[in-house]
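Please open the structure in your viewer and keep the selection tool at hand.

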Amino acid sequence: MTLLRPYSPDGAVVRLRSRYVADAFVLVAVAVLFWLLLRLAHGIGAPFNRVSAPSTVSTDPTNLPYYAARSLLRMFVALAVSSAFSLAYATAAARLRRAEKVLLPVLDVLQSVPVLGFLAVTLSLWLTLFPHTMLGVEAASVFAIFTSQAWNMTFAFYHSLITQPRELDEAARMLRMTKWQRFWKLDVPSGMIPLVWNGMMSFGGGWFFLIASEVISVNRHTYALPGIGSYVAAASQQRELGRMGLAIAVMVVMVIAVNVVFWRPLVAWAERFRVEQSAAADVPHSVVLNVLRRSSVPALVGRAVRPVGGSLDRLARPFGLAEYPLRIEARRRRAADVGFAAVVATLLAWGVVRMLIYIDRGTGLGEFGHAFALGLATFGRVVVLLVVSSLVWAPIGVWIGMNPRVSRYAQPVVQVLASFPANFLFPLFTLLLVHTGVSINLGGIVLMSLGAQWYVLFNVIAGASAIPTDLREAGANLRLRGLLRWRRLVLPAIFPAWVTGAITAAGGAWNASIVAEVVSYGHHTLVATGLGAYIAQSTTSGNFPRTLVGVAVMSVYVVGLNRLFWRRLYRLAEKRYSLQQG
Amino acid sequence: MTNASAALRERTAIVEVDNVSKSFDGADGRPLTVLDSVSLTLQEGEIVALLGKSGSGKSTLLRTVAGLIAPSRGEVRYRGQPLNGANPGVSMVFQTFALMPWLTVQANVELGLQARGVPEAERRRRALEAIDIIGLDGFETAYPKELSGGMRQRVGFARALVVQPDALLMDEPFSALDVLTAENLRNELMALWSRPDFPTKAICIVTHNIEEAVLLADRIVVLGANPGHVKAEVPVHLPRPRDRRSPTFDALVDQLYAVLTGREETAAPKTSGPLTHPLPDATVGGLAGLVEIVYAHNGQTDLPDLAEELSFEVDDLLPLVDAATMLGLLEVEGAQAFLTDAGRQWYTADIQTSKEIFARLAVDKAPLVRTIVKALENSEDGTLRDDFFRDLLRRGYTPDHTEKQLDIAIDWGRYGELFDYDADTGELVLSEIAAALSRDLAPPQ
């Protein structure tokens, strides 16, 4: 009889109290956010003069929080622009048949062009667009970060659009949804998980380019934006090791904080868009998301905003149904296809010819040969980097991945390591190289690997933890040990993950070469022989044709290696070594 | 033809399928026909079932009716208007429910109304009403992940019916559910159909379950495969509610089994080759099990009874029966299967002899296996790459079907020790050579 606890109205009051607490948290956080944005926006509109613009920032530690906030704002603006771009571009590529044939190869090439090359080429454009405020330089920095994030997210969203489950697509057409409705009710939700995951990874990689783009040397001018990267650059120039250490600490705190306050809640929230019928075994948790869910502020905001959604829905109705006509005039379609292809081909040819003429007039077409030769040196460094990091990190990654207890602690650490911008540490390493007298040609490999090797570790951990337990048990049962176990069980199982990690690491290494082959600390400047140094030096000296040659040659290297080597390896990994049955 | 069908034709046609053919482009550009000159009319007040084995194009046919697929030739009309997109007057219920996992039950049901621009208050009222009718009252704020299969399909029904379509199309709606839930939903569907205020005027259901077709339909259209065509149209005049145990029901089921397993009326081609006679999807293990069961029934069994005993549906049982018939292990007449002498020998022999028997039968009667063995015998060293046969098969089948055919042939060939297959190199090796090789490599005794 006394097994049932009597109903206590206190329970209701306790729940209300926790709801008020959550509400208070959310409201305070939103207020702080708005105040921060207002203060930062004020700084962005400051006047700007091309000649007398500051080329360094003060290294006063009290400026550090403000600089960190400015850097963070740039990252988030770039993320917003990348998201909008990827939604628009991927939808266009997936839905417009003719546009797809152009948009996808363009995206592929854009992904291989080194990001910092983009920056060098477009800075003057931004400065002319916004002549009298700092907005021009800000825009250039945001653009650099954007180019490091957007392509990945676009590919991920495009992939999710073309692999939508067929019956959801058919259901949407049978229900006669309009294009707008289908986009928001089917396309975006089904692509949300890839978008969020890729956004998170690209965001981590974006720190690197933020740091590299806050001090821009173009055309013999140096522009410095207020930000944590320029702080470190100024500190290294003035050889203030203590302040550099402080900045590194602030950077680590910022990376972790963004992870906890933004990405983890977003990833946990995105779980509701999983299309598989049963929930994933390892559901991500987030304290911030729990607080948000307990508070009633989001629901109130949602209710206030709903009429806007309704009117947008009505406004978008004239765009028509999300349908493709069944009957198409085959001949007219083919004629239009031919016309379209002809126009694109002519434009492409004209562009290439103009570019070649420009280069010829600038430095002569012989530069291409020189650049290719330098590219071999950088290529050599990338190869050594990949081999050494695989040999070192693969065993460690396997050990971490196959030990669930260790991986629970190690995974977040590796994530932070992977997003921590390696170029923060470049001045320290330069100091080390200067002291020990090691040539930058070898030291450059270490610098490049500081950012790139974590991708190998990260992916090998993920691959090792995904080895099915029954395979491991079978191996234990058959008493597989040592080298045999590695050859027959571990290496084949982690091969696909290793390939993914290696591809990403190689791409990161090529990009890093532009900032790693020319490094400076104080008065010392070390220059390596390689394509990255070529590009960096021609950008600083304002030799635009040379920059163009260098960027083009590096793109050719990356695209070529991708097609000839990495894609084949990936296909082999998928066919023979994939762990999915059937 | 008769007065009955003339009277039928006087009723208004909702959807007319007029001589529709559908072909896809094969790997080498030659078209592969999935549907061949199929005509069908969906009239007011009737339930039509499309019945057929897998590969008979019944899902493709349903999708041309729905306006999701464009026919290569012929036309589909909705109330006289040719379709150029999704059919505006029909709703569809899917085999895998096709619910948006990120929307609640109520939001899912409201989707169709929202698409039509119905204002919010009325939308909510109609959705709640539909959810109530379908029996999900109380689950409006649940997400599909929290629901069982039967409940998810109810949401699918509610979503389809809330827009009050002219015709309801169903693509194997109960095949993903367990037997009891499926039975429950079928009865509820029939209860809805018999209500006078039910707005939907016709239902077209695709099924591979013969009993389901007889339970639900007024008219059963049996489709044959290779290429898809109408094999027979069987009217069902049983009064509703229909009793499974009535003798007329049984007779109809038997008749349909006979139609499904029956030979084609058209003249068969003189030579049977791998492209004209595909291997049915059956493993050697499955064949052995089937032969064992028929043997246990004294060499003769009734196919519908067998299906019921094993809880098999048409798609599970008929490929086995077809394979056994092709290899000469069973003989089928009407709805009865008889064990042949060869089948009896195969079952009663020991492992080695049974393999030899199977090998002989496969080479004699299975066209693709015969082709492979002959090609290997004629080759220089008794080995050939699988791509050789893949190219041959691609001339007549889709890539998926090609892979399936190869897999079946390799399974049969391996069991009969006719040839060996090395997955790494993709090579088929004639078995005597394989045996000789292993003899050469073994250490001398």
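This is a predicted model: local features need pLDDT of at least 70, side-chain atom pairs count only at pLDDT 80 or more; totals for chains, interfaces and linings use all residues.

Begin by selecting Glu170(A), which is buried with a relative accessible area of 5%. Here buried means under 20% relative accessible area, exposed over 50%, and partly exposed in between, with a 1.4 Å probe and protein chains only. Glu170(A) belongs to helix H6 of chain A, residues 166-174. Helices (H or I, at least four residues) and strands (E, at least two) are DSSP runs numbered from the N terminus. Now display what Glu170(A) touches: Arg63(B), Leu68(B) and Phe94(B), leaving aside residues up to four places away in sequence. Contact means heavy atoms within 4.5 Å.

Residues are numbered from 1 along each chain as its sequence is written, chains are lettered from A and ligands numbered from 1 in the order in which they are written, and side-chain values use heavy atoms, with hydrogens and water left out.

Next, move to chain B and select its open sheet of 4 strands, whose order is S2-S1-S4-S5 with antiparallel pairing. Strand S2 (31-43) and strand S5 (81-82) of chain B stand at the edges with a single partner strand each, so one side of each has no neighbour in the sheet. Helix H2 of chain B (residues 58-66) packs on the sheet, where it touches strand S1 (13-25), S2 and S4 of chain B, and its direction makes about 60° with that of S2(B). Such angles run from 0 to 180 degrees between N-to-C directions, the axes being lines fitted to C-alpha atoms, for helices over the stretch in contact.

Follow the strand pairs in turn; two strands pair if DSSP finds at least two bridges between them.

- S1(B) and S2(B) run antiparallel and are joined by 9 bridges; select Glu16(B), which stands opposite Thr41(B) in S2(B).
- S1(B) and S4(B) are antiparallel, with 5 bridges; Val17(B) has Val76(B) in S4(B) as its bridge partner.
- S4(B), residues 73-78, pairs with S5(B) in the antiparallel sense over 2 bridges; Arg77(B) faces Pro82(B) in S5(B).

Return to chain A and select Ile396(A), in helix H13 (residues 367-401). Ile396(A) is partly exposed at 33% relative accessibility.

Finally, select Lys231(B) in strand S10 of chain B, residues 229-235. Lys231(B) is partly exposed, with a relative accessible area of 25%. The C-alpha atoms of Lys231(B) and Asp350(B) are separated by 41 Å, and the two residues are 119 residues apart along the chain.
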